[in-house]
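Reader: I'd like to learn how to read a model like this one. Could you walk me through it, feature by feature?

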Amino acid sequence: MAIIERWRVNLLLRITFTLLLSRCRLVLTEYLQEFEISEGLGVGTTIGYIGHSRPASPKPPPPPPYLIVPVPGSAVDSDLHIDQSTGEIRSSIVLDREERSYYSFVAIPLSGENIRVEIKVRDENDNAPKFPTPFMTIEFPENTPRDMKRTLNPAKDRDLGIFNTQRYEIVSGNTNNAFRLSSHRERDDVLYLDLQINGFLDRETTPFYSLLIEAYDGGTPPLKGSMTVNITIQDVNDNQPIFNQSRYFATIAENATVGSSVLRVFATDTDTGENGRITYSINRRQSDRENKFSIDPKMGVISVNKPLDFESKDVHELVVVARDSGVQPLETTAFVSIRVTDVNDNQPTINLIFLSEDASPKISEDARPGEFVARISVNDPDSKEEYANVNVTLQGGDGYFGLTTQDNIIYLVIVSHPLDREVKPNYTMIVTATDQGNPPLNTSRTFELCVTDTNDNAPEFDHTMYYANVLEVADPGTSVFQLSAVDRDEGNNSVVSYSIKDTPETNSQWFQIDSRTGLITTRIHIDCETNPIPQITVVATDNGIPPLSSSATIVVTISDVNDNEPIFDQSFYNVTVAENENVGTCFLKERMKSPSELLPCTVVCEDVFRKHMVLFINWKYFGGIINID
C-alpha cells in the first residue's frame, strides 16, 4: 500500500510538473485516441480500450494503468465508467446525442505521457419532427391570387442529417385541392414551410378550411409530427344582390289610402357584413316620375305615396334597385308591375240560354249524364276585359245537375245523374255570379227546370190477380168486373187502353172489355157446366211510342142455377114387386143424367096396389133408388 501511495504522489507531482512545463511551452509526447458510439445503447456498453493502437497508427500509446483527468464540464465522471487498470471505457447511462454529443478526457500512464481521448456520440433517428404549436390560425381574402404564399411555423427535428425534417404533406381538409405546400432549407438546417393558394377561393362556397399538415423525417420508417392549420376565408364584395324574382306583380284598388302597402321585394347578397347589407330604392329616371309609390330602403316594402286613379292609369311599371354597402357597391334591378283595379261598384250580369229545342227551361228525363242543359255567360261592368273574371256557382238540383267550364268564361249546366220525371218532375236552381272585388259583389238568377216525360213506365195494375163472380144465367152485356191500371208517365204516354188476351182454353171469348174504362162484361151466354171458373187475361197498353203494356188475370167464378131437369135413362120402366115385400125393399135402381148434386123429385106411379111411391135421387152419385113407401 505504501508503494502505491508513493506512486500516486509521484504521479501527481509529474502531472503538476507537466502542467508547469506546458505553461513554459515545453512539449512532451501526446497521443490521440478517438472513439464513436451510437446513442441510445444500453448502460454498460463497451465504447473501447485506452492504449489499443489502430493499424495505421505508427506508435502505440503506453499501456495501463492510467490516471484519468476529465476535461472540465465534459460529464465524463457521470456518463462514463473508465477502468484505470485496463483502460476499458463503458457507458454509465443511456447516451443521448441531443443532450451531449461529445466526451473528452486525458489518460496519463506511468510514463507520464498524455493520451487525449475523444468520444463522439453518433446520431440515431430517435426524435420525430415537432411543430412549435399544435394549432395555427391564418386568414386569406377570398380574392387572394393563385400561388400567393403564407409562411407557416416549421417543424424542427433534433436529429441530424437525413434524420432531420425532410418533407411536409397536407393529410386532410384540403377541399377541392385549394392549397398546396412548398418548403426550403436554410443555413440553420431548418426546413421552412409555406402555404400557397392552389386555385381560386370563394368564401360563399367554402368559408373555412381545417388543414392537417404532417412533417416527416428521413428515417426508415420515417417519424412524423402534425399541426392543424385553421384557415378563415375573408369576404370581399364580389357578389351583387340577387332578387328572389326578376319581375314582381301586384294589384291594388284605386281607393287605397296613402301609406297602404302594395308588396315587398326581397333580395339577398351572399357576402357578409357591409358587403351583404342591402338598401332598396326606386329608379326615378326610368320609372314612377310622379312619385306615386315609395319603398322602404331597409325592408323593401313598396307603398302608395300619392292617390291612385284607375281611369287615368291602371298599370304602373317600377324599376327597383337593390344595392349593397360595400366600399365599391354592387347593385341589381328588378321590375315591379302594379295593376290598379277599379272600385267594385257594379254587380255582375248573368246571361242564361237554355239549350232545348224551343229554348225553354226543360230537359228530357232520358238525358244522359254530361248532356247540356243551359249555357251561362257573365259580365262585370267594372272589368275592362271582354270576359270578366267572375266565379260562377250553381245551387239546387239535388245533385242531379252540375256546372262545368273549360276556360272560366263560358259555363254549362249539365246533367250529372240519370233523371226520373216520375220521381221529381221539376227542379229549382240558382245561378250565382260573384266578382273578384273587395268586398265581392254577386248576383243570382233563379230558374225552374222542367223534366219532360218519356215513355219509360208501363201501366201498372194494383194486383196481378183479381177474382169475380157472375151467374150463369147472366145475359150478354152483364157487368162482371171493372179494373184499372195506372201509368206514371204523362200525356199520351199515360193514356191506357184495355184489351182481353185471346185464350180459348180459358173461355176468354165469353167476355169483352171496354178499352177506355176497363169494364168487363159478358159477351155471350156463359155456361157453368162447360167451365165453372173461366179466366181472363186483361192487357193494359199505354199510348207511348213504342207502347208499353202489362197484364193482370181475372178469375171468374160462375154461380150455378137450376136450369137443367133430371133425365131418366128410359122413359118407361116395367117392375114387378111381390105383394108381401117389406117396406123399404128396393125394387128399382136408376142412374140419372143430371149435373145437379142432390135433387128430390116425386114420381107418381099407378100400380096394382094404387099406392104412391117417393123417388129419392142422390145426384152426387148419379143414381137413384126407388123403395116401397
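Author: Let's begin with a loop: Ala 359 is placed between strand S24 (349–354) and strand S25 (362–364). Helices (H or I, at least four residues) and strands (E, at least two) are DSSP runs, numbered from the N terminus. Ala 359 has a positive phi of about 60 degrees although it is not a glycine.

Reader: How should I read a positive phi and a cis bond?

Author: Most residues other than glycine have a negative phi, and most peptide bonds are trans. Asn 176 is in the loop between strand S10 (165–172) and strand S11 (179–185). As for cis bonds, one joins Thr 220 and Pro 221, with omega about 0 degrees, and Pro 221 lies in the loop between strand S13 (208–217) and strand S14 (224–234). Another cis bond runs from Ile 545 to Pro 546, with omega near -5 degrees; Pro 546 is in the loop between strand S39 (535–542) and strand S40 (549–559).

Reader: Is Asn 176 buried or exposed?

Author: Buried means under 20% relative accessible area, exposed over 50%, and partly exposed in between (1.4 Å probe, protein chains only). Asn 176 is exposed, at 67%, and Ala 359 is partly exposed, at 47%. Buried residues make up 38% of the 629 residues in the chain.

Reader: What should I keep in mind about the source of these values?

Author: This is a predicted model, in which local features need pLDDT of at least 70 and side-chain atom pairs count only at pLDDT 80 or more, while totals for chains, interfaces and linings use all residues. Residues are numbered from 1 along each chain as its sequence is written, and side-chain values use heavy atoms, with hydrogens and water left out.

Reader: Then how do I read pLDDT here?

Author: pLDDT is the predictor's confidence in each residue, from 0 to 100. The chain averages 83, and 86% of the residues score at least 70. Over residues 19–27 the pLDDT is below 50, and this stretch has 1 contact (heavy atoms within 4.5 Å) beyond near neighbours in sequence. Residues 596–624 also stay under 50, yet the model has 54 contacts for them beyond four places in sequence. Where pLDDT is low, the predicted coordinates should not be read in detail.

Reader: Which residues touch the most other members of the largest nonpolar core?

Author: A nonpolar core is a set of buried Ala, Val, Leu, Ile, Met, Phe, Trp, Tyr and Cys residues joined through side-chain atoms within 4.5 Å. Of the 25 residues in the largest one, Phe 243, Val 262, Val 265, Ile 302, Val 336 and Ile 338 touch the most other members. Strands giving two or more residues to this core include S16 (247–253), S17 (261–264) and S23 (331–341). S23 gives the most, with 4 residues. Apart from this core lies another, of 24 residues, among them Ala 367, Val 373, Val 392 and Tyr 411.

Reader: And what is the strand order in the open sheet?

Author: Two strands pair if DSSP finds at least two bridges between them. The open sheet has 4 strands in the order S1-S7-S6-S3, with mixed pairing. Its edge strands are S1 (30–38) and S3 (66–70), each pairing on one side only. S3 and S6 (residues 102–109) run antiparallel, joined by 5 bridges, and the bridge partner of Pro 70 in S6 is Phe 105.
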